[in-house]
Every structure is written in structure tokens, then in C-alpha cells.
Amino acid sequence: MERLKEVYQYIEDHQDRYIHWLQELCRQPSVSAQNRGMEECAQLVSSYLQHICASPEQISTPGYPVIYGEINENQSRTLSFYNHYDVQPEDPMDQWTNDPFAANIQDGRMWARGVADNKGSLLSRICAVDAYQQVHGKLPINVKFIIEGEEEIGSPNLGDFAEKYKEKIKADACIWENGYKNTDGSLQVRLGVKGMLYLKLQVQGANTDMHSSNAAIIPNPAWRLVWALSTLKDENEKILIPGFYDGVQAPNESENQLLEDMVYQEHETLKQLGLNEFLLSLSGNALKEKLLFQPTCTICGMESGYTGDGSKTVLPSMAKAKVDFRLVGNQDPKDILQKVRQHLDNHGFEDIAITTYVAEHPAKTDIDADIVRTVVDNVASVYGVPPQVQRTGAGTGPMYVACQKFGIPAVGFGVGHVASNQHAPNENIFVNDFIQGIKFAALVMHQFAE
């Protein structure tokens with residue numbers, strides 16, 4: 001561990017430079033949904049990889065390029081890092097207390113769109129490699145970087161990239177992008193992700209908006225969409241699509257033990273959100289099981305007619321809703337799509353058009369994999385307390401197509417915290433968590449090599 005102490009000291013002595021790099025990266029917009037700043041951000045990320053001699057390549061896809069970098073030290077083991085350089089749109093702007101692309105530091109936190117999801121974690125790994133190289137000249141392990149630009153829009157091209165470049169993604173293990181620190185200081189370590197099917201449901205009525213007096217004789221697509229949505233789930237949160245729960249698996253004995261050991265700050269979370277209770281008044285292990293092991297059906301947004309100030313008596317010509325299904329176990333997004341279509345048809349909603357935006361499989365890593373033990377057994381040496389191991393995260397990512405499909409175990413951890421507000425206004429991380437994340441990435445490389 002003496003070699004690591006020297007690396008840790010270097011990180012502390014040069015933290016201002018690493019913080020500056022993170023500010024520089026966060027000041028560059030990279031909103032994939034709007035094609036804003038993507039080319040510039042790809043160039044910037046490539047420059048960091050060039051700095052650590054990772055020979056960056058920008059590999060074209062039908063969308064935004066995947067940035068690939070590799071450092072081959074002729075070692076026996078290879079560790080890959082998966083991250084993404086794209087971020088969510090910053091809307092709604094009026095709820096930000098700082099400019100979302102200023103990367104200001106206040107109260108020990110850096111405030112910026114993408115700082116938690118996922119630029120802080122991305123740079124923590126590059127900085128860890130840099131620090132190890134500066135101190136020891138050579139890494140103890142071969143390293144690969146797989147950094148995509150489409151995670152926030154569902155990674156539509158990563159699966160094809162992985163199939164085409166199997167040698168590039170080949171590794172003994174992968175460190176995934178996600179995972180946060182809890183309020184008690186424990187680091188979340190995630191061994192999987194939920195899958196997702198993200199759809200747009202659209203109903204077309206008349207070929208133009210009309211005066212609402214015509215509602216007496218002209219169908220209203222907004223009502224039709226509401227009636228269709230009401231068939232998807234009941235008031236007890238049960239999803240009503242026949243066969244939807246096929247493939248859902250109850251937690252096994254070891255997974256139940258992880259749930260038992262998992263600390264979920266129920267009171268603090270409710271207080272932060274201004275709520276009195278969780279859905280169905282759940283608490284304890286039942287709450288944690290529903291969060292991590294159960295699928296969801298969520299209306300993400302709806303649009304129809306007039307919603308501005310004042311009144312406008314209008315009969316809308318169109319109504320649409322965005323709906324996502326978080327998937328678990330062996331649920332297949334293509335199978336769920338077919339079941340959604342059949343369900344709507346069976347209820348007389350053949351006219352509702354479905355557009356698919358995201359279709360990602362759930363993924364899990366074997367609890368006994370070497371990389372799991374490496375990460376879990378070494379967390380406390382950096383963070384001071386044992387980790388909170390989650391069998392799967394509540395969120396989604398393309399882990400299956402980049403890792404499990406090819407037998408690569410993946411473990412997720414990051415530099416954010418439970419109030420990082422990812423995907424929301426005032427996204428932030430604690431600067432000290434970023435520095436700790438650099439140290440831990442260096443530790444994982446060192447220990448996994450052994």
C-alpha cells in the first residue's frame with residue numbers, strides 16, 4: 001500500500017489541477033438530446049485521454065461518436081471504464097441558483113449540469129490514471145476507456161458498437177459509471193441496472209384544433225389518451241398488461257441479505273422531497289425491494305391542447321404521452337413492447353401510435369466476481385465506512401449490451417451523493433467526493449491488478 005500512499009499524496013498536492021479539469025469539462029455543454037456542444041465536448045474528452053497517453057479514437061456511430069482509449073501495459077489483467085460525455089438538458093432554467101454551465105464552487109460543492117451524471121465520475125478515472133502514471137510511470141494493469149455520447153438518449157448505438165468492436169470492449173472487468181454516496185458517508189456500490197422501455201403514445205383526432213363547443217360531437221384525443229393510460233396500471237400500483245410480470249424474479253437469499261444490510265434513509269428522503277410517505281405506505285425491506293427488484297410503469301410527461309396562462313376554450317387535435325417501463329430480472333423490452341401493443345389493441349385503442357425511444361435489457365453481475373470483491377473489500381480504506389452494496393440500481397444504463405452480454409462483470413460507483421439532483425436543476429457534487437473518487441479509482445486499479 002506504500003505505492004498507493006504516494007499516489008494519494010500526489011492527488012492531494014495536485015487537486016487544484018484536477019478540479020480545474022472538471023470545471024473545464026462541465027463548462028462545455030454536451031446535450032445529446034439537442035445536439036448542443038457534442039463535437040466540442042468529444043474533442044475535450046479526447047484531449048484528456050491524450051494527456052494520459054491513452055491513444056484516443058473517436059469511433060463514428062449513426063449518432064454521436066464513442067470515444068475509445070487504451071493503455072496497454074502488457075499486464076495480465078485489463079480493466080475498462082464505461083462513462084458518457086453527454087448530459088441532460090438543463091431545463092427548467094428558472095429553478096437553477098447557479099448558471100448550469102458555469103461550474104461554480106460554493107459551500108464545498110461544484111454546481112453544474114452533468115457534474116454528477118456523469119462528468120465527475122468520468123474525470124475521476126482519468127485523473128486516477130494520471131496520478132498513478134506521474135508517481136510510478138507505469139500502471140499496474142491494462143486500462144480501456146469506453147466513453148459514449150448517447151447515454152442520456154438511451155444509448156441507441158452502443159450495442160452495435162460493442163458487437164462491431166468486441167476486441168475493444170474485451171476486459172476482465174468493467175467499472176460502470178453510476179453510484180452515489182449516502183448521507184451517512186457510505187458509498188453505493190451497484191452490481192447491476194434495471195432495463196427500460198421508453199415509449200411515446202400518440203392519439204390523433206381532427207386535423208386541426210377546434211373551438212371546444214365542438215366537443216359535443218367531435219372526439220377529444222386527450223380524453224382518449226387518458227382512458228388508454230388508465231388501463232396500464234391500477235391505483236395499487238399493479239401493472240395491468242397481461243404477462244408483464246413474466247420474467248420478474250424475487251430476490252434470492254443472498255440478495256435478501258443485501259436488502260437487509262442496505263441502509264435507506266427513509267425519513268431524510270421524505271423530508272427532502274416534501275412528502276409524508278412513500279407509495280403504498282411502504283417502508284423497510286418491502287420499500288427497498290420495490291425500489292430495486294420490481295418493475296415500474298411511469299407517465300413521464302403529457303402534452304395536448306392549451307396549457308398556458310388564462311383560458312382558451314379549445315378541443316385539441318392531438319394528445320401524446322411519454323411513458324417508461326423500468327424492467328427487472330429476465331424481462332425483455334422487445335417482449336414488453338409487443339405486450340403493450342396487444343394490451344392497447346385489446347382495449348380498443350388500435351389507433352394509438354407507439355414510438356420506441358429506448359429498449360434496454362436489465363443487467364446483473366455475479367456477487368462473487370473478483371471485481372466485486374476488489375471494490376467492496378477496499379471501500380472502507382478510502383471512505384472510512386463499509387459500502388452499501390446494491391444488487392441492482394433503480395436506474396437504467398446500457399450495461400447488458402456492453403458487459404454482461406459478453407461475460408464481462410461490471411460494478412458501478414461514482415462521485416455524486418444522494419442529493420446531487422442528477423437530471424434536475426441544481427445538479428452538484430461535493431468537491432471532496434471528487435477527490436475521494438480519484439483516490440478510489442486508483443485503489444481499484446492497484447488492487448484488481450493483484
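**Entry 1: the sheet.** I looked up how the strands β4, β5 and β21 are arranged in this predicted model. They form an open sheet of three strands in the order β4-β5-β21, and their pairing is antiparallel. I noted that β4 (104–106) and β21 (428–430) are the edge strands, since each pairs on one side only. From one strand to the next, the twist averages 25 degrees.

Entry 2: I then examined strand β5 (residues 109–111), which pairs with β21 in the antiparallel sense over three bridges. Which residue of β21 is the bridge partner of Arg-109? I found that the partner is Phe-430.

**Entry 3: helices on the sheet.** I looked next for helices in contact with these strands. Helix α2 (residues 15–26) packs on the sheet and touches β4, β5 and β21. The direction of α2 makes about 20 degrees with that of β5. Helix α14 (residues 431–449) lies across β4, β5 and β21 as well. I recorded that α14 runs at about 70 degrees to β21.

**Entry 4: Thr-374.** Is Thr-374 buried or exposed? Its relative accessibility is 10%, and buried means under 20%, so Thr-374 counts as buried. Leaving aside residues up to four places away in sequence, I found that Thr-374 touches Val-444, Gln-447 and Phe-448.

Technical notes. Residues numbered from 1 in each chain as written. Predicted model: local features only at pLDDT ≥ 70, side-chain atom pairs only at ≥ 80, totals over all residues. Heavy atoms only, no water. Buried < 20%, exposed > 50% of the residue type's maximum accessible area, 1.4 Å probe, protein only. Contact = heavy atoms within 4.5 Å. Pairing = 2+ DSSP bridges. Helix = DSSP H or I, 4+ residues; strand = E, 2+ residues; numbered from the N terminus. Axes fitted to C-alpha atoms, helices over the stretch in contact; angles between N-to-C directions.
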